[in-house]
Amino acid sequence: MDPADPVTALLTRLQAKGPVTDKFANGYIPAYLELAARYGPAARVLEIGVLYGASLRLWQELFPQGLIAGADSNSEATWPDGTVRIVANQATDYIAEQAAAASPEGWDLIIDDASHDGGLSEGTFRRLWPQVRPGGVYVLEDWEVGYRPEWTGLFGPGMLRLAESFLPMLGPDSDLAEARYLYGQALLFKRKAA
Ligand SMILES: C[S@@+](CC[C@H](N)C(=O)[O-])C[C@H]1O[C@@H](n2cnc3c(N)ncnc32)[C@H](O)[C@@H]1O
């Protein structure tokens with residue numbers, strides 16, 4: 001690996017701090033580097049799915065002056081110092097209430113990396129999309145579990161159906177400005193304020 005490569009440089013910095021998120025192995029980091037450049041160091045970031053806190057450390061690194069929050073149904077998950085702790089199931093309205101309380105002005109970036117269940121993830125999108133700020137983005141991670149043979153037995157096609165369901169939202173009067181599909185990342189950009 002080339003240490004001057006921005007992905008490698010970021011990985012090296014995070015490895016010094018603890019376990020590293022599988023977003024590196026999955027190839028998701030280049031898109032997040034683009035989003036970091038787009039939203040700047042003070043962005044507001046909410047991730048659903050905390051686990052050991054590795055991705056919350058990634059957001060702290062990419063958005064050093066930002067507000068970084070994580071939601072997880074497991075109260076035993078690990079929230080790094082300086083992050084906002086939300087214990088909530090993604091299937092409930094409570095998660096949206098807690099997210100709104102943490103950032104009444106909304107979020108520049110919301111990532112769903114939780115259950116990978118199409119139905120639950122659809123409910124999370126419906127609840128949290130209104131909290132994406134104009135020009136902000138919602139990322140549905142790991143939607144490839146809906147089409148890769150090694151995952152479909154476990155997860156079924158729900159994530160693929162959900163990813164597909166964003167397409168009819170596109171239109172001149174929609175607040176969905178762009179849907180960008182990468183391997184394992186569906187990036188949904190909200191229209192900027194007029
Ligand atoms: C893939 S891990 C998150 C990994 C983390 N984002 C990272 O990159 O290091 C998924 C997490 O989602 C949480 N989760 C699973 N189902 C959930 C649900 N229905 N509501 C909220 N969190 C859930 C699990 O407890 C687990 O910590």
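A: Two residues are in contact if their C-beta atoms, placed from the backbone, lie within 7 Å. Helices (H or I, at least four residues) and strands (E, at least two) are DSSP runs, numbered from the N terminus. The model is predicted: local features need pLDDT of at least 70 and side-chain atom pairs count only at pLDDT 80 or more, while totals for chains, interfaces and linings use all residues. Residues are numbered from 1 along each chain as its sequence is written.

Q: Which residues of α5 and α7 meet?

A: Gly118, Gly119, Ser121 and Glu122 of α5 meet Gly158, Met159, Arg161 and Leu162 of α7. This contact of α5 with α7 comprises 2 nonpolar, 4 polar and 2 charged residues. Here Ala, Val, Leu, Ile, Met, Phe, Trp, Tyr, Cys and Pro count as nonpolar, Asp, Glu, Lys and Arg as charged, and the others, Gly among them, as polar.

Q: At what angle do α5 and α7 pack?

A: Two packed helices are described by the angle between their axes and the distance between the axes. For α5 and α7, the angle is about 30° and the axes are 8 Å apart. The two helices, α5 and α7, are therefore roughly parallel to each other (angles under 35 degrees count as roughly parallel).

Q: Which residues of helix α7 are buried?

A: A residue is buried if 20 or more other C-beta atoms lie within 10 Å of its own, exposed if 12 or fewer, and partly exposed in between. In α7 (residues 158–165), the buried residues include Gly158, Met159, Leu162 and Ala163. They cover an arc of only 135° around the axis, which puts them on the same side of α7. The arc is that of the directions from the helix axis to the C-beta atoms. The buried residues of α7 pack against α5 (118–128), β5 (132–141), α6 (149–155), β6 (176–182) and β7 (185–190).

Q: Which residues are buried in helix α4?

A: An α-helix has 3.6 residues a turn, so residues three or four places apart point the same way. In α4 (residues 93–102), Ile95, Ala96 and Ala99 are buried. Their arc around the axis is only 95°, which puts them on the same side of α4. Asp93 and Ala101, on the other side of α4, are exposed. The cover over the buried residues of α4 includes β1, β2 (67–72), β3 (84–87) and α5.

Q: Is valine 45 buried or exposed?

A: Valine 45, in strand β1, counts as buried because 29 C-beta neighbours lie inside 10 Å. Beyond residues up to four places away in sequence, valine 45 touches Trp59, Phe63, Gly66, Leu67, Ile68, Trp107, Asp108 and Leu109. Valine 45 and serine 103 are 58 residues apart in sequence, yet their C-alpha atoms are 9.5 Å apart in space.

Q: Where does glycine 40 lie?

A: Glycine 40 lies in the loop between α2 (29–39) and β1. Glycine 40 is exposed, with 11 other C-beta atoms within 10 Å.

Q: Which residues come nearest to the ligand?

A: A residue is near a molecule if its C-beta atom, placed from the backbone, lies within 6 Å of it. Of the 21 residues around the ligand, Thr21, Gly49, Ser55, Ser73 and Gln90 come nearest. The shell around the ligand receives at least two residues each from β1 (44–48) and α3 (54–62). The residues of this shell divide into 8 nonpolar, 8 polar and 5 charged.

Technical notes:
Axes fitted to C-alpha atoms, helices over the stretch in contact; angles between N-to-C directions. Parallel < 35°, antiparallel > 145°, perpendicular 65-115°, else oblique.
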